[in-house]
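Dear colleague,

Please find the structure below, handed over for your records. My findings follow directly after it.

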Protein chains: 4
Amino acid sequence: MPRITDEQRDARRTQILDAARACVAEYGLEAVSVEMIIARSGLSTGTVYRYFKGKGEIIAAAVISGTAGLIRALQPVLTQDPPPGLPAFMQQVLRRTESYSKRGDIDLRHVALHGWSHSQSDPELKAAVETMYQGARQQLAQVCKKWQATGQLDSDVDPDAVAQLLLTIALGFSAQHALAGGAGIDAHIKALSALTSGLPHPGPTST
Amino acid sequence: MPRITDEQRDARRTQILDAARACVAEYGLEAVSVEMIIARSGLSTGTVYRYFKGKGEIIAAAVISGTAGLIRALQPVLTQDPPPGLPAFMQQVLRRTESYSKRGDIDLRHVALHGWSHSQSDPELKAAVETMYQGARQQLAQVCKKWQATGQLDSDVDPDAVAQLLLTIALGFSAQHALAGGAGIDAHIKALSALTSGLPHPGPTST
Amino acid sequence: MPRITDEQRDARRTQILDAARACVAEYGLEAVSVEMIIARSGLSTGTVYRYFKGKGEIIAAAVISGTAGLIRALQPVLTQDPPPGLPAFMQQVLRRTESYSKRGDIDLRHVALHGWSHSQSDPELKAAVETMYQGARQQLAQVCKKWQATGQLDSDVDPDAVAQLLLTIALGFSAQHALAGGAGIDAHIKALSALTSGLPHPGPTST
Amino acid sequence: MPRITDEQRDARRTQILDAARACVAEYGLEAVSVEMIIARSGLSTGTVYRYFKGKGEIIAAAVISGTAGLIRALQPVLTQDPPPGLPAFMQQVLRRTESYSKRGDIDLRHVALHGWSHSQSDPELKAAVETMYQGARQQLAQVCKKWQATGQLDSDVDPDAVAQLLLTIALGFSAQHALAGGAGIDAHIKALSALTSGLPHPGPTST
DNA sequence: AATGAATGAGACTTCATTCAT
DNA sequence: AATGAATGAAGTCTCATTCAT
């Protein structure tokens with residue numbers, strides 16, 4: 001018979017994970033201390049440790065919930081039927097990612113790089129992240145199949161291969177944005193449009 | 001009059017940076033301690049601190065030399081004239097990156113994610129990395145211009161925009177490889193070929 | 001007008017102290033936390049703190065009630081009149097101690113060492129324990145006097161001195177049992193019989 | 001090629017262990033913090049952790065070296081040939097233990113109780129302590145055999161049993177001294193003399 | 001009376017860096 | 001130039017206790 005409701009519990013966890021992401025955004029993964037996260041969360045040490053077993057669990061949960069949140073936010077784009085043509089589709093993906101990621105001063109696309117790094121050395125987290133990205137890749141493959149069904153994409157090409165390329169672009173955009181600066185969604189879409197201009201039936205105008 | 005020659009000095013630095021990269025690959029960015037790096041380098045504490053001011057400098061130098069090394073290794077690909085068509089070109093980029101990155105048990109493409117993360121929170125390093133990637137992007141833009149000059153790419157499109165997309169793919173491939181697994185160079189190239197099949201004069205794609 | 005009866009209160013206290021002794025037996029004095037004791041007692045934090053002021057009080061009460069319980073259990077042996085001869089008497093003491101101490105998986109003779117340790121650093125507890133052992137020593141001295149009265153013990157010897165030796169043996173047996181293993185009651189009694197074989201009127205030693 | 005000699009290393013370890021024993025004597029096993037030990041040792045945190053892996057190792061080493069030191073100090077008594085009669089022998093044991101234990105303000109016989117307690121919950125330490133006490137018990141058995149050889153002890157009795165009793169007395173004396181107070185070596189020896197007055201050939205007067 | 005979530009002081013430990021040899 | 005012992009600030013986490021419900 002818990003004295004606090006599940007909603008309260010979830011709110012607390014979210015409060016802590018938001019604080020963690022904000023701290024990682026501000027100080028970087030290595031420099032973040034549990035103390036910082038605690039201070040920013042507004043809770044006490046003991047309370048934070050009641051909700052998470054330790055620093056590793058906090059970071060892992062922050063990465064997982066951030067990734068899951070992004071994928072959830074992309075569902076309307078990934079599942080629309082019929083999907084728009086490839087450039088328009090990727091434009092929606094990148095824009096939705098951007099709007100999901102910008103939160104006040106922090107951009108989760110930059111925080112994501114820290115999460116990518118951390119997940120390389122936490123096998124459990126790595127597996128969870130892998131599963132989530134593979135799920136998204138399968139959804140992208142579904143989109144490719146729809147394009148093939150409507151003749152917008154060559155039927156000979158492996159939809160999984162195109163899905164890989166699309167995921168690469170989604171991930172790579174965030175990376176370039178964080179690392180080289182000056183990466184623009186519009187520039188990417190224009191480039192994509194130019195490259196794919198010769199596709200069998202560009203645009204969603206087919207029957 | 002220095003007691004040791006410049007070659008010796010450089011060899012020592014390389015020895016330390018290789019040890020650092022190996023440790024980061026094995027333990028992850030956060031878990032790496034100077035002690036570990038020292039142990040793996042085979043040098044003594046004092047000696048390592050004679051070559052680098054501290055941990056930050058070691059990590060930054062490892063990231064910079066790794067990135068610079070990759071870009072240097074890519075020069076033959078980036079500067080060939082005339083360049084092959086887009087899919088073949090990107091195939092060369094990804095393959096060269098792969099062959100540069102695989103070193104025994106470690107894959108620098110995975111280590112790179114740690115470097116990306118770290119550079120987010122070290123302004124000096126971030127600036128250095130930014131400069132290097134922007135340089136590479138400019139080289140990619142030069143390639144695009146050559147494609148435009150030979151009619152392989154629509155002259156209306158901004159070569160810088162296509163260069164952005166190509167860099168996005170190069171970075172995103174490593175990210176997907178590390179994060180989702182199952183990313184294959186061949187699949188990417190086939191997908192790229194399919195998408196660009198309608199380009200004015202698609203270049204030859206070797207297997 | 002209390003809401004719960006005295007019996008209920010005592011039952012609760014006993015429940016807590018038994019849990020405390022079990023935890024100390026399993027984890028050792030230092031590793032025991034109030035949380036563990038609470039979990040094993042089946043009560044809630046708040047309830048335990050209603051019955052005891054804090055950890056110190058729980059441990060002290062556990063030591064005191066354990067020691068008092070043992071001395072109480074030894075009363076039939078210590079007060080019998082006439083007492084058997086020395087070896088038989090000590091045999092009864094060690095056996096009664098053993099039967100009192102063995103409780104399922106735990107042996108209070110081993111837990112006792114933790115109590116001895118703890119009482120060294122809690123002056124109030126130390127005083128209480130001292131008083132209890134001195135009381136037992138006086139009872140032993142009474143037994144010695146009875147032996148002297150019946151000629152079973154040299155009248156010249158100080159009965160308090162013999163009582164000290166007997167208490168030393170009782171305590172030392174538990175210590176050796178816990179520390180060196182292989183300490184047997186029978187072996188001790190045979191050794192005692194052999195040493196005291198020349199006493200004026202050796203008492204009967206039952207097996 | 002160590003920069004410090006083995007003697008320096010041993011001296012450091014002894015310095016730390018002495019500090020640990022002093023702290024345990026003053027504050028009790030549970031209340032001792034590594035910080036206290038460090039402060040009393042006069043070393044720095046890092047140095048102490050260079051010599052011992054953690055608190056557990058410090059305490060275990062303190063117990064082991066204390067026990068080993070006592071047994072070493074008792075060697076002249078345990079190995080003398082021929083040994084004196086039983087009361088005189090035990091007098092030497094208790095006196096030597098006392099003189100070994102009294103160090104300024106602290107009495108290792110009281111600290112020993114903490115060690116006994118701690119060793120109950122550290123299996124490795126428990127095994128080490130067991131081995132040491134069993135070794136001492138074997139030496140006591142040798143003494144008993146010499147007594148039997150010279151007719152000072154009934155040949156029918158098991159020398160190991162008498163050795164157990166003697167160890168019990170040695171341990172129990174320290175326990176009573178710490179727990180009940182007022183335990184005197186002289187009283188014990190007089191009691192032992194009285195009890196053993198009827199032994200076949202008391203005293204070392206036999207051929 | 002009972003509950004258990006919250007608190008925060010303080011415990012243990014690591015590790016980047018210095019400096020005497 | 002090289003070594004590695006020493007340092008101590010700072011990090012992670014536990015746990016005895018309180019108190020609103």
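Chain B and chain C do not touch, and their nearest C-alpha atoms lie 29 Å apart. Chain A and chain D likewise do not touch, with 21 Å between their nearest C-alpha atoms. Two residues are taken to be in contact if their C-beta atoms, placed from the backbone, lie within 7 Å.

Please note that this is a predicted model, in which local features need pLDDT of at least 70 and side-chain atom pairs count only at pLDDT 80 or more, while totals for chains, interfaces and linings use all residues. Residues are numbered from 1 along each chain as its sequence is written, and chains are lettered from A and ligands numbered from 1 in the order in which they are written.

Chain A

Chain A has nine helices and two strands; these are DSSP runs numbered from the N terminus, helices being H or I with at least four residues and strands E with at least two. Along the sequence, their order is α-α-α-α-α-β-β-α-α-α-α. The C-alpha atoms of chain A fill a box of roughly 60 × 45 × 30 Å, taken along the principal axes. Of the 207 residues in chain A, 46% are buried. A residue counts as buried if 20 or more other C-beta atoms lie within 10 Å of its own, as exposed if 12 or fewer do, and as partly exposed in between, with C-beta atoms placed from the backbone. Among contacts in chain A between residues at least 6 apart in sequence, 67% join residues at least 24 apart.

Within this chain, the axes of H6(A) and H8(A) come within 9 Å and cross at roughly 100 degrees. H6(A) is therefore roughly perpendicular to H8(A). Axes here are lines fitted to C-alpha atoms, for helices over the stretch in contact, and angles run from 0 to 180 degrees between N-to-C directions. Angles under 35 degrees count as roughly parallel, over 145 as roughly antiparallel, 65 to 115 as roughly perpendicular and the rest as oblique. On the H6(A) side, Arg109(A), His110(A), Ala112(A) and Leu113(A) meet Ser174(A), Ala175(A), His177(A) and Ala178(A) of H8(A). This contact has four nonpolar, three polar and one charged residues. In this classification, Ala, Val, Leu, Ile, Met, Phe, Trp, Tyr, Cys and Pro are nonpolar, Asp, Glu, Lys and Arg are charged, and the others, Gly among them, are polar.

The contact of chains A and B

Chain A gives 48 residues to this contact and chain B gives 49 residues. On the side of chain A that touches chain B, helices H6 (108-120), H7 (123-149), H8 (159-179) and H9 (185-195) each supply at least two residues. H8(A) gives the most, with 14 residues. By class, this side of chain A comprises 26 nonpolar, 16 polar and six charged residues.

Copies are superposed by least squares on the C-alpha atoms of residues with pLDDT of at least 70 in both. Since 100% of the interface residues of chain A are also interface residues in chain B, the copies meet through the same surface.

Helix H9 (residues 185-195) of chain B is mostly covered, with eight of its eleven residues buried. Its buried residues, among them Ile189(B) and Leu192(B), pack against H8 and H9 of chain A together with helix H5 (86-101) and helix H8 (159-179) of chain B.

The contact of chains D and C

This contact takes 48 residues from chain D and 49 residues from chain C. H8(D) gives the most to the side of chain D that touches chain C, with 14 residues. Chain D can be laid on chain C with an RMSD of 0.2 Å by a turn of 180 degrees and a shift of 0.1 Å along the axis.

The DNA strands

A residue is near a strand if its C-beta atom, placed from the backbone, lies within 6 Å of it. DNA strand F is surrounded by 35 residues, the closest being Gly54(A), Gly46(B), Val34(C), Gly54(C) and Gly46(D). The surface near DNA strand F has eleven nonpolar, 16 polar and eight charged residues.

Yours sincerely
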